[in-house]
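Here's a quick briefing to read with the structure open.

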Amino acid sequence: MPKLTVDGIEVEVEAGATVLQACEEAGKEIPRFCYHERLSIAGNCRMCLVEMERAPKPVASCAMPAADGMVIKTDSDLVKKARNGVMEFLLINHPLDCPICDQGGECDLQDQAMAYGFDASRYAEKKRAVKDKELGPIVKTIMTRCIHCTRCVRFSEEVAGVGTMGAVYRGEDTEVGPYIEASINSELSGNLVDLCPVGALTSKPYAFTARPWELKKTDSVDVMDAVGSNIRIDARTGEVMRVLPRTHEDINEEWISDKTRYAIDGLKRQRLDRPYVRVNGKLQPASWDEAFAAIKAKVAGLDGKKIAAIAGDTVDCESMTALKDLMGKLGSANLDCRQDGSKIGGPRASYIFNSTIAGIDEADACLIVGANVRAEAPIINSRLRKRWRSTAGDFKVGIIGEKWDPTYKNDYLGAGPDTLSEILEGKNDFAKVLEAAEKPMIIVGMGALNREDGDAVLAATRAIAEKYGMVAGEWNGFNVLHTAASRVGGLDLGFVPGEGGLATNDILDGAAKGDVEVVYLLGADEIDTSKLEKAFVIYQGAMGDAGAQAADVILPGAAYTEKNGTYVNTEGRAQQGWRAIFPLGDAREDWAIVRALSGALDMTLPYNNIDAVRARMVELSPTFTSLNVPTKAEWSDFGKAGDMKPEGFVSPVRNFYMTDPISRASVTMAKCTEAFVKDAAAEKVA
Amino acid sequence: MSHVRRPAPKELQPTSFAFTPENLEKANKIIAKYPEGRQQSAVMPLLDLAQRQTEGNWVPTVAMDYIADMLEMPAIRVYEVATFYTMYNLAPVGKNFIQVCTTTPCWLRGSGDVVDTCKKELGIDVGETTEDGQFTMIEVECLGACVNAPMMQINDDYYEDLTADTTKAILDALKKGEKPKAGPQSGRKGCEPIDGPKVLKAFCGCGAAPQDADASEGDA
């Protein structure tokens, strides 16, 4: 542990730390462009120069390892002069277009030029101009602004795992980009916009729409996948302008996927902003009272067995709690939060990502079963890639299911249950890898569990976990990867069929037969709505997607940006997001709609504010007693051993960019689909 | 700015590339020089091999992709190397690729005349190729033969101690399909002072070449 002195302050840092980190430890701010905590060190911007005693010239603190007895000065005249010089050189070729630059107001170069810049340029020669690169529908480039920090190059190589960006040519002629025109085919490309310290890479969908100081910033949680990435929603005058990542070391570090970032433009299209009631086969606008009256006319006096509820993929726990309680009052046990019909919901350890996402950093082997992690949870895939890189390739990954490109080295083992059995019987080579591993893990995707034989697959994966010591002591490497933000929350709350109740597929079949007369869809759109023609369908949600089209009564709900909500991610970690803007038009927060409906049905639910609903959630599940903690689950018996069908596992996510009503309505996601998904299809053919 | 390096337009880019069997053997030998797991270090000699193999003395993009595949590295890493080093031509050049040094020492010793002579004799400007595809001329920075300034490099050979006349003579010979003698054109053997040796005269016999000098001449 080296001890050094920074500006007279003695600090002790971990071995291997850099001088820059030591300076930060001492509370000194070091300007930088190329240095980034999560990327390799490049040391090419020279902005972080500091004075080191007994060194002949200023040293780049980001690339200098901290050593015992160093004496560092960060505020001497020499340092100031050196940084001024660096800044002057950086500005030689940087255009003076801040007023029309989207980075303006949150630009590192702009900020640091205030501290180290000269008020006028001494440079009379011609400035260079660089041709812009076409990087696809997400990243907009103005390459003349590039200062060659190479953060984007390192990110795409190290984190995203797509070697698209590079620094080509040399000297004054250097250009950062792909050499030959190529889009960045990565689910994480939006992070390049955050990484770029200047305005060279900016957001295409957000271009010229807002300035950072106009935006109201609200902390929230992403619902586009089950990772629960922490996000910040930036809104202006009742409109969500953009979504940015919030740092959470144990979940998303500081990255978010492109869907998380850019699907929000879907919130401006196909919205449900007022109640509707179907009259003579056509949906007519109605008032809340009319909508509730229509429901009451149908539901009042109806046997609870004829009523069912399905919760969708992006709903919050508050509304599921309210609906569960309402169904209880209606005397119905037919409720399900697994609209994909997956066979999960036993003991808690059987449906969460037990090792936690951060636990991947300790694992030494990973078996992925029926999950296309890159499409289902890009953030977790980048974590796996990070682990693979940090172990210099010793982290062995085996894949069972479809073939997909994880961006790191892997062994493709087979397509389906047969391979799973081979592993279990130790006949596969990968079994030896698992045997040798100290902390092996298994990731079971919905592609393996949403089948008829899901129970048997679950039992087989449990047997593998037990056989190869994936559950030992503190370590639990049995992980289920969900695709829906609401799923774990729903399971924890018990939004599953009660005694004698029907599960999703039975509800749909019952509705088709006429046994189930009323189906309450809480944001559920990914079901076969053609089976609902006979039933009276209540759709509550924010988006006019498949569910709303099949509805007899539409209750307009709030999107995730428009309500305070609790979500439980695939790790079983409960997190709360805050309302960034108010719901559209007549729409209301979802739990409040259910509460109001309960009043109209004369079976008022016992809560009047969100805190009371949350108190009820705590009663239902200990998950909600403490936020942001992935509570450990007891290991117990689950799954039903049985015959598995030979068909291969198929990931439920066919198109990463469009998985839910919001992303299906998004223009940006449509553009990405066109740009990338077709490419991928063509690749498969070739 | 002279001669901006950019990849050849799509129309000129071939659609496929593979080493000839002889070159493949050479490539494998080169790769074998590097330790296991460090094969990527072979990227520069392989690019050179590809350039020599390609008609027009250049590295097409497909060749870079081919090498990237061969060395199991992302294509962009190969592009970075190929674009960084000016010895790799990114677009086809003439059969005689003339690089005239115009850095200060050569310029002081009259590289302007050499450039002008090339322009006049070949009818092309800096960075251009003659219509018959025989000559491409570019200006380059120091090629490290300042003692024999001014100089130019034609393909793999250095022509030094140039004047307008000797430049013309070289170009004329090349036009006829001959290969003019490489090295200093002034009569001196190597990089000794232009008006004869100043030191160690006893060893070299003041002009009468000693027996040893003959032996070393071949290496020069």
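**Strand pairing in chain A**

Let's start with one residue pair: Val277(A) sits opposite Gln284(A) in E14(A). Keep in mind that this is a predicted model.

- Strand E13 (residues 276-279) of chain A runs antiparallel to strand E14 (residues 282-285) of chain A, and 4 bridges join them.
- The hairpin of E13(A) and E14(A) has 2 residues between the strands, and Asn280(A) takes a positive phi near 50 degrees there.
- E13(A) also pairs with strand E26 (residues 553-556) of chain A, again antiparallel, through 2 bridges.
- In that pairing, Val277(A) stands opposite Val553(A) in E26(A).

*Where chain B meets chain A*

- Chain B puts 17 residues into the contact, and chain A puts in 17 residues.
- Between them, chain B and chain A bury about 1300 Å², with 55% of it on carbon and sulfur atoms.

*Charged and polar links*

- You'll find 3 salt bridges between chain B and chain A.
- Asp173(A) makes a salt bridge with Arg6(B), where the closest N and O atoms are 3.5 Å apart.
- There are also 6 residue pairs in polar contact across the interface of chain B and chain A.

*The chain B side*

- Helix H3 (61-70) and helix H4 (75-84) of chain B are the elements giving two or more residues to the side that touches chain A.
- H4(B) supplies the largest share of that side, 6 residues.
- Sorted by class, the side of chain B that touches chain A has 10 nonpolar, 3 polar and 4 charged residues.

Key:
Residues are numbered from 1 along each chain as its sequence is written. Chains are lettered from A and ligands numbered from 1 in the order in which they are written. This is a predicted model: local features need pLDDT of at least 70, side-chain atom pairs count only at pLDDT 80 or more; totals for chains, interfaces and linings use all residues. Side-chain values use heavy atoms; hydrogens and water are left out. Two strands pair if DSSP finds at least two bridges between them. Contact means heavy atoms within 4.5 Å. Buried area is the accessible area (1.4 Å probe) that two parts lose on being put together, summed over both. A salt bridge is a side-chain nitrogen of Lys or Arg within 4 Å of a carboxyl oxygen of Asp or Glu. A polar contact is a pair of N or O atoms within 3.5 Å; within protein, one must be able to donate a hydrogen and the other to accept it, and residues adjacent in sequence count only if both atoms are side-chain atoms. Ala, Val, Leu, Ile, Met, Phe, Trp, Tyr, Cys and Pro count as nonpolar, Asp, Glu, Lys and Arg as charged, and the others, Gly among them, as polar.
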